[in-house]
Amino acid sequence: MTLAVRPFVIGPCRRLRPWCVLFLGLAAIPALAAKVELAPENWGHPAGADCVSCHAKASPGLAQQWQDSAHEKAGVNCMDCHQAASEDVDAIEHEGQIIATIVSPKDCGRCHETEYRDQAGSVHAEAYAIIAERVPALAHNVTGPAMQAAGCDQCHGSEVKVRGDGTLDPKTWPNSGIGRINPDGSRGSCSSCHGRHQFSKAQAREPDACVRCHSGPDSPDKEIFEASKHGMIYAARRDEMNLGSDAWVAGEDYTAAPTCVTCHMGAAGKIPSTHDVGMRNAWSLNTPVSERQYLVVLEDGGKLELADNGKPPKRGSEIEKADGTSGRVKVVAPPERRRKIMTMVCLECHAKTFTEGFMDQFDDVVELYNAKFGEPAQAIMMDLYERGLLTPLPFDEPLEFTYWELWHDEGARARHGASMASPNHAWWEGMYLVGRNFYSRFLPEARAVAGAEASAIVDARLQQGRHHAWLADTEKANPILGYLPAPVPQPATAAEDAGDSAASKEAGAGSDGDTAGGGAAAATGAGGDD
Amino acid sequence: MIRFRAPLFITRHVLFALVAGGLGGIVFMFFLLEFDHFTSSNEFCTTCHSMTYAEQAYQQSVHYNSPSGVRATCGDCHVSEGLIMATYDHTVGIKDLIKQLFGPEYDDPAVNLLHLPEAAFAARDWFRKRDSATCKRCHTLEAIQGTRANTAAIHQEETEGKTCIDCHYNIVHRKVPSRETFKREAWNAMVEQELGLPSGTAAKILAGD
């Protein structure tokens with residue numbers, strides 16, 4: 001195996017802008033999966049053999065998984081990962097050894113430094129911290145705390161509590177959520193994607209590695225991938241994926257199809273692999289209104305997503321982190337740069353015009369969602385809160401569920417569907433439901449809540465821009481629901497009117513027959529109109 | 001015919017003393033047997049309110065409720081076998097009575113729980129020093145089958161240099177970490193939370209305030 005560093009220079013980096021530093025910095029990492037730099041004499045704990053001897057009997061399945069692992073072949077044993085110091089908060093005595101049940105990313109990072117550095121501060125590692133404050137409003141109020149452990153925390157991670165008697169609080173453990181707050185303070189859980197104790201590369205590269213969390217109504221990425229052409233071809237050509245290869249560089253080690261990992265993390269051509277899963281994402285897609293985002297890398301190794309307001313934070317400036325502490329800005333990657341990296345993955349298999357065209361279609365969907373639904377809905381809600389027409393308490397009024405689902409469920413589905421090319425999810429499971437919700441639930445409910453102030457709060461908002469102007473044209477018929485008004489007798493003087501009349505007559509006749517006939521007539525009618 | 005003749009120093013008084021002493025000794029031995037037996041019973045141990053806390057977890061354990069109906073009493077585990085060692089253990093145990101009478105207020109649940117770890121460490125040391133002798137009154141290593149497929153093999157092949165208590169602690173009474181990993185502050189915080197005490201109370205209780 002060669003450990004070739006790929007020198008990589010791109011045109012626009014003649015002046016050393018911060019994002020170039022980031023990009024070049026990333027590119028300087030070998031495109032191969034990062035190698036463990038720690039010398040082998042640091043592993044192979046002498047007590048490991050005893051663990052294996054007993055666990056081969058006590059928990060043979062677990063022991064066998066390790067036997068089949070690359071760890072075993074490299075001489076890495078149970079104690080190398082599970083050893084702990086007595087003073088560690090979660091240290092326990094077990095058969096004469098001081099160990100910890102939880103192997104945190106920091107523990108894995110003893111050997112897998114690059115991966116640990118990448119994932120720290122990533123949207124995955126912050127998955128619990130990002131929602132920690134919001135969780136009780138749904139999980140505790142609408143349901144009960146039991147659901148946080150069984151639901152939210154299983155994906156987002158728990159804040160693992162070690163009890164005074166040294167045991168892990170079962171309300172917070174077992175848990176392999178990806179943003180888990182570990183007893184050692186590190187965030188994340190490698191075993192969220194890398195099934196223990198085999199830690200197979202091939203398994204983690206499967207789309208199924210992501211399915212446990214990226215499926216279901218609010219982030220149906222499994223379903224979207226499967227319904228996309230990427231997923232279709234992956235299913236057909238899975239045996240050509242070379243999933244077990246060492247570096248797994250798209251375009252070199254495999255060309256059959258991409259998986260989740262390929263685009264979001266994988267090495268592709270000159271793009272190095274990364275364990276910062278959100279690094280290539282230009283947009284935030286799981287917010288009431290999507291924003292293009294800066295990726296801010298701090299000098300302490302932390303990272304931060306910031307909405308692109310046209311003024312990227314300056315290098316060296318102090319910036320407040322999500323947890324309230326502050327850090328010094330090291331590098332800022334603007335959304336265009338993040339998009340560029342993602343695009344370069346696409347280019348391994350697609351032409352530039354194709355790729356850019358696809359990205360345009362995706363951006364158009366996000367911008368449409370924002371302008372037509374996300375922004376007005378958010379503005380209406382904020383107005384209702386500020387005027388005291390809604391109580392500040394979330395989910396005690398039906399409208400709040402309606403709004404929540406509008407952006408969190410169908411709104412996210414539509415945007416995810418467009419981002420990964422599943423027409424069904426972009427439309428029927430996504431934006432169609434956004435539209436249905438917005439017009440048939442959200443607006444009527446908002447008007448009812450606004451009462452006398454409805455025109456100021458709701459209607460005024462809809463009249464901004466042209467997105468909702470179609471509502472005013474109430475006489476404009478269309479055969480989609482099977483109804484077209486009977487032709488109105490027109491004086492045959494104006495040619496324009498005659499055209500209209502003919503179209504209506506045709507369509508009207510069609511609607512007497514079968515639906516297909518009506519559709520055909522409508523098409524003709526529309527053509528005549530235009 | 002051989003005539004048996006007692007030595008001259010065996011006078012009538014000596015003979016009487018021997019017989020009386022012998023009989024007295026036998027009576028005393030029976031007394032000790034009964035006394036050790038009585039003082040090993042659950043009823044006797046829980047005469048002190050402070051011991052009822054230990055009893056709570058014990059009554060939930062399989063040593064109290066075994067499917068076969070065998071029940072290990074306090075003394076079965078915590079008092080050595082044999083008259084001499086049982087008497088010795090009970091004699092040493094008098095210090096517990098003295099502490100109960102003149103020491104901290106062990107009847108108070110907070111005081112009791114705060115002192116539990118040291119008691120647990122001492123009990124584990126006691127078992128270890130005796131090579132888990134009282135466990136072996138009932139459990140025979142060679143006969144351990146277990147309910148899982150490999151329990152027997154583990155006890156045959158993985159127990160060299162180990163004694164029962166090395167692996168099997170925290171099985172009857174309330175869980176206490178090992179001495180090496182025990183963290184007093186975390187334990188105190190747990191006690192305060194569990195009993196609804198203000199933060200810092202535990203340290204004050206331990207300091208005797």
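**Chain A and its contacts**

Modeller: Among contacts in chain A between residues at least 6 apart in sequence, 57% join residues at least 24 apart. Please keep in mind that this is a predicted model.

Biologist: How many helices and strands does chain A have?
Modeller: Chain A has 22 helices and 6 strands.

Biologist: And what percentage of its residues count as buried?
Modeller: Chain A has 530 residues, of which 39% count as buried.

Biologist: Let us turn to helix 17 and helix 18 of chain A. At what angle do they pack?
Modeller: Helix 17 (residues 352-386) and helix 18 (residues 398-419) of chain A pack at about 175°, and their axes are 9 Å apart. Angles over 145 degrees count as roughly antiparallel, and helix 17 and helix 18 of chain A are therefore roughly antiparallel to each other.

Biologist: Which residues meet there?
Modeller: Helix 17 of chain A contributes residues including A:Phe362, A:Tyr369 and A:Met381, while those from helix 18 of chain A include A:Leu406, A:Trp407 and A:Arg415. By class, this contact between helix 17 and helix 18 of chain A has 12 nonpolar, 4 polar and 1 charged residues.

Biologist: Now the other chain. How many residues of chain A are in contact with chain B?
Modeller: On chain A, 16 residues are in contact with 17 residues of chain B. Helix 2 (48-58) and strand 1 (92-94) of chain A are the elements giving two or more residues to the side of chain A that touches chain B.

Biologist: Which element gives the largest share of that side?
Modeller: Helix 2 of chain A does, with 4 residues.

Biologist: What is the make-up of that side by class?
Modeller: The side of chain A that touches chain B has 5 nonpolar, 6 polar and 5 charged residues.

Key
Residues are numbered from 1 along each chain as its sequence is written. Chains are lettered from A and ligands numbered from 1 in the order in which they are written. This is a predicted model: local features need pLDDT of at least 70, side-chain atom pairs count only at pLDDT 80 or more; totals for chains, interfaces and linings use all residues. Two residues are in contact if their C-beta atoms, placed from the backbone, lie within 7 Å. Ala, Val, Leu, Ile, Met, Phe, Trp, Tyr, Cys and Pro count as nonpolar, Asp, Glu, Lys and Arg as charged, and the others, Gly among them, as polar. A residue is buried if 20 or more other C-beta atoms lie within 10 Å of its own, exposed if 12 or fewer, and partly exposed in between; C-beta atoms are placed from the backbone. Axes are lines fitted to C-alpha atoms, for helices over the stretch in contact, and angles run from 0 to 180 degrees between N-to-C directions. Angles under 35 degrees count as roughly parallel, over 145 as roughly antiparallel, 65 to 115 as roughly perpendicular and the rest as oblique.
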